[in-house]
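Below are some notes for a colleague who is opening this model for the first time. Please read them with the structure in view.

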Amino acid sequence: MAEEEVETSIADEVIESSTESKSEEKGYLARDEYTSERFKLEINNLPKYFGFGDLKKRLKLLGVDFVKIKVPKGCTHAYINFRNEEDREKALKLLTGWTFRGNRIEVTHAKPAIDIMFRQNKPKKNDNRRDRQPDNENDLDLPDEVKIQNSATPLWKLTYEEQLAKKTTIIQEYLKGLEQKIKETSSKDITIPFEGIKPSPIVDGYRTKCEFSCGKGNNNEDKVVGFRYGEYRSGIDRVGSPSVCKNVSNEMKLVVQHFQDFIRSRSSAWYSSETHLGCWRQLTVRTSRLNYILMMISFCQGQLSPEEIEQEKKELVNYFTTGEGSVCKVTNIIFNVEKNKAGNETIQSEILLGDSYIVEKLFDFKFHVSAKAFFQANTQGAEVLYSLVKDSMKLDQDTVLLDICCGTGTIGITLANNVKQVIGIEMIKDAVEDAKRNAQLNNIQNIEFIADKIENVIHKLVTKYNQQRVVAILDPPRAGVHRKVIQTLRSAENIKVLGYIACNPQLAIHNFVDLTRPRSKTYQGDPFQAVTSTAVDLFPHTPHYELFILFQR
């Protein structure tokens, strides 16, 4: 899976000089406004690899009523913010002695973070930035059109052939590192063949989903809708137009421009993550090959009355159905009212136009895609990826396919006609319900979806189909899967072929090593061998790609 669940991070700690003004560093605490930084815990001894979504889910199941979680990149600790002292102290008791993925978690009170807008100007530990000349690519004198492309599409200056060559070099270096790590655990020299990178069929305007921030422009223009010039945690809060960004379609750019025109005509301000004031926070746009255009608006209630919010909704619909925005041909509008100052919690979601989903076509199949559901953001590129999976795994009518982490069923449904039976396994129940509906929509009869953990069902399935050729496809979130999943797959010896799709290979490397390490009490069953690897470029103009590795034993 790709780029839907993003781990929230904060910047490295900075040097605190005794001559610095503490009121400037944490001046937001002195302002007469709410901030959850007053009510904060730090948890330590987290696993080296874990999914941000999994951590949030487990905390909610434990009864921890948080408003925000911050996970510093590459660290084994996290910060949890709460609405008030009562919620924080309740969480402190719940988390004391808590175990997460086999690690006993340590919990303490945490100090408020340094003001993010103050932090950006201070040197980090062991950082000699002030002695260096600024990077030309980040020069403040660059035109805004260049800055926004550097931020959203870092490879935009390269020809597409140069982009593919650059990614090929990166992948080859990654595979060398993976080979070395496998050697360290197995004491065997191995080579993972690399079949190259398959290009995207469409290079420009390929994204079918984008999230746009509302904010202030670089030249203090009010109510700009677009991408941030950099990460907010780095102190960059200004927003630039996506009009020059190559990965955004013309249809989407038109919607953004008209939405910007609309909110500029309203008296309600844009929402500031720094002050927690304002209303218009974010615009999400989804499009499809079948000419659907969905807008999802994130609107913080601020000081507006329910009647005033209703008026904003009415004016928005009128603008995009009968007003100047009608040229965009928007088919769906979803309006989410959120609590400001509390982690952007949705308190009301209303469909103002159309349905809660759009319809997308993938190969000859149709899928209902809701506003927040995961679906590859490059539909034509996804067809290349799934065709690669089908051809590499040599599927036939004697094959039973286990689609692990199946989500809304995209892979299993598109491959169902090539196999005898598909079993989709997914922990998230809502995704499984979506998958069942999509199977019915396409009249797929040889498919079953199970809402459960893989370790709870795999052995029953392998026993049930012990006379069949059973293969597995694994398409997990960014951080990969828990080692229990790998242990379970290793012990299911009837599974001789396993395909793994990694949208962030660096985070999945622990899964690859565990699949191939020698048999032991912890990892029963014969080890897999990585027999081939191929990349697919689903994200032109950016450094990202999908890596497919075929394992056999």
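1. The buried residues of helix H7 are covered by elements that include S7, helix H15 (505–516), strand S22 (529–536) and strand S23 (546–552). Those buried residues are Tyr160, Gln163, Leu164, Lys167, Thr168, Ile171, Tyr174, Leu175, Leu178, Glu179, Ile182 and Ser186. Buried means under 20% relative accessible area, exposed over 50%, and partly exposed in between (1.4 Å probe, protein chains only). Helices (H or I, at least four residues) and strands (E, at least two) are DSSP runs, numbered from the N terminus.

2. This is a predicted model, in which local features need pLDDT of at least 70 and side-chain atom pairs count only at pLDDT 80 or more, while totals for chains, interfaces and linings use all residues. Residues are numbered from 1 along each chain as its sequence is written, and side-chain values use heavy atoms, with hydrogens and water left out.

3. Helix H7 covers residues 160–186, and its 27 residues should span 39 Å at 1.5 Å a residue; the end C-alpha atoms are 38 Å apart, which agrees. The expected span is 1.5 Å times one less than the number of residues. Just after H7, Ser187 has a positive phi of about 60°.

4. The largest nonpolar core has 47 residues, and Leu178, Leu402, Ile495, Tyr500, Phe512 and Phe551 touch the most other members. H7 gives the largest share of this core, 7 residues. Such a core is a set of buried Ala, Val, Leu, Ile, Met, Phe, Trp, Tyr and Cys residues joined through side-chain atoms within 4.5 Å.

5. Leaving out residues up to four places away in sequence, Leu178 touches Ile192, Ile509, Phe512, Val513 and Ile549. Contact means heavy atoms within 4.5 Å.

6. Asp514 lies in helix H15. Its relative accessibility is 8%, so Asp514 counts as buried. With residues up to four places away in sequence not counted, Asp514 touches Arg483, Ile486, Arg490 and Tyr523.

7. An open sheet of 8 strands has the order S7-S22-S23-S21-S20-S17-S18-S19, with mixed pairing. Strand S7 (194–198) and strand S19 (447–451) are at the edges, each with a single partner strand, so one side of each has no neighbour in the sheet. Two strands pair if DSSP finds at least two bridges between them.

8. Strand S17 (residues 399–404) and strand S20 (residues 469–474) run parallel and are joined by 6 bridges. The bridge partner of Thr399 in S20 is Arg469.
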